[in-house]
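Here is a walk through one protein chain, one feature at a time.

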Amino acid sequence: MLNSARLLVLLEIARRGTIVAAAQALHLSPSAISHQLARLEQELGVALVERAPQSLRLTPAGVRLAEHAQAIADLMAVAQDDLRAHSEGAAGVLRLGFFASAGLDLLPRALAAFAAGHPQVELELIMGQPHELVPDLEAGRLDAAVVFEHPLDPWCRQAAVDVRMYFDEPQLVVVPLRHRLGRRSVVRLAELEGESWIGTHGGSTGEPVLERACAAEGFRPRVRCRSDHYQVTINLARAGMGVALIPALGLADSAGVHVCRLDHPQLHRRIGVATRATNLNPVLQAFLTELGSAAGEIRSLLDMQWAD
């Protein structure tokens, strides 16, 4: 295999025209340059220079090899610049997981600020539920995952994963405009016994949070249909098909429905980010800073809109 250091010696000889000039450029002695050149010719079995008492000229084989050496030097410079950019957080790849309603406002706020400051970073975004994303995070296929956790449906924390929670997101009750509770600002779950519900499919445990909460209130909800797409749920409520629990981040369009706060100590979601402590991706911390700022903005908006 060709030695890259010897190729760079040949390249300097081609550039400078003499062994002495090449030695000065590489901060080596002329004898060291001559030795490296001789070793390169020996390895290749071909003469690379024509030597004369007062001059030195590359042979056709030496010219061709010098051209390859230039291409290798260019590639090494690109690799060095690329690695420097990675180490400084100016370039690289950031792989992020997120749940659907985080993609409506929270994540776009963070990514807009991050991308403005890091235009050379390539982003890979994967949407899924926390129980789907965390295994990819543990395996190193994701750098971070924006996650939620229900107090009534906590997921098992793994030692390799760090979770930082930013804020609690209220669960809201969505009812048709002409519903009997259509003028209420706050309702209790027990007041909704006997209603038709538009439910969800549930998380990692398979038992939806609605069913758990209602069971604690002493009744079983009558679920007419299920959807994990909140705009579909809102549209069905708008059409009078039932009432629904919607997390505040999923409330993108509430026209034609009435939204109430829910008086329940455990019906909310904790919103945060999961990472690996061993992750050395240099651009990750910059993203987490922007995500924390975006989370603070969202928390303030939620407090203003849904505070007691």
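## A glycine in a loop

Gly 103 sits in the loop that runs between strand S3 (91-98) and helix H5 (106-117). Helices and strands here are DSSP runs, numbered from the N terminus: helices are H or I with at least four residues, strands are E with at least two. This is a predicted model, where local features need pLDDT of at least 70 and side-chain atom pairs count only at pLDDT 80 or more, while totals for chains, interfaces and linings use all residues. Residues are numbered from 1 along each chain as its sequence is written, and side-chain values use heavy atoms, with hydrogens and water left out.

(Buried means under 20% relative accessible area, exposed means over 50%, and partly exposed is in between, using a 1.4 Å probe and protein chains only.) Leaving out residues up to four places away in sequence, Gly 103 touches Phe 98 and Pro 108, where contact means heavy atoms within 4.5 Å. Along the chain, Gly 103 and Leu 249 are 146 residues apart, yet their C-alpha atoms are separated by 9.0 Å.

## The nonpolar cores

Now for the inside. A nonpolar core is a set of buried Ala, Val, Leu, Ile, Met, Phe, Trp, Tyr and Cys residues joined through side-chain atoms within 4.5 Å. The largest one has 41 residues, and those touching the most other members are Leu 94, Leu 106, Val 146, Phe 167, Leu 251, Phe 287 and Leu 291. Helix H9 (residues 284-306) gives the most to this core, with 9 residues. There is also a second, separate core of 19 residues, which includes Val 9, Leu 10, Leu 48 and Ala 66.

## Strands side by side

Strand S6 (residues 161-176) runs antiparallel to S10, and 4 bridges join them. Two strands count as paired if DSSP finds at least two bridges between them. Val 174 stands opposite Ala 244 in S10. In a regular strand the side chains alternate between the two faces of the sheet. In S10 (residues 244-247), Ala 244 and Ile 246 point one way while Leu 245 and Pro 247 point the other, and all are buried.

S6 also pairs with S11 in the antiparallel sense, over 5 bridges, and there Pro 176 has Val 257 as its bridge partner. Strand S7 (residues 186-187) pairs with S11 too, but in the parallel sense over 2 bridges, with Val 187 opposite Leu 262. Why is S11 (residues 257-262) largely enclosed by the rest of the structure? Because 6 of its 6 residues are buried.

## Charged partners

Side chains of opposite charge can pair when their charged atoms come close. A salt bridge here is a side-chain nitrogen of Lys or Arg within 4 Å of a carboxyl oxygen of Asp or Glu, and the whole structure has 15 of them. One joins Arg 95 and Asp 143 at 3.3 Å, N to O. That pair links distant parts of the chain, 48 residues apart: Arg 95 is in strand S3, and Asp 143 is in the loop between helix H6 (130-138) and strand S5 (144-149). Arg 95 is partly exposed at 24% relative accessibility, whereas Asp 143 is buried at 1%.

Another salt bridge joins Arg 226 and Glu 211 at 2.6 Å, N to O. Here Arg 226 belongs to strand S9 (residues 222-226) and Glu 211 to helix H7 (residues 209-217), 15 residues apart. Arg 226 is partly exposed at 35%, while Glu 211 is buried at 9%. Elsewhere, Glu 12, Arg 15 and Arg 16 are linked in a network of salt bridges.

Most residues other than glycine have a negative phi. His 27 is not a glycine, but has a positive phi of about 60 degrees. You'll find His 27 in the loop between helix H2 (19-26) and H3, and with a relative accessible area of 73% it is exposed.
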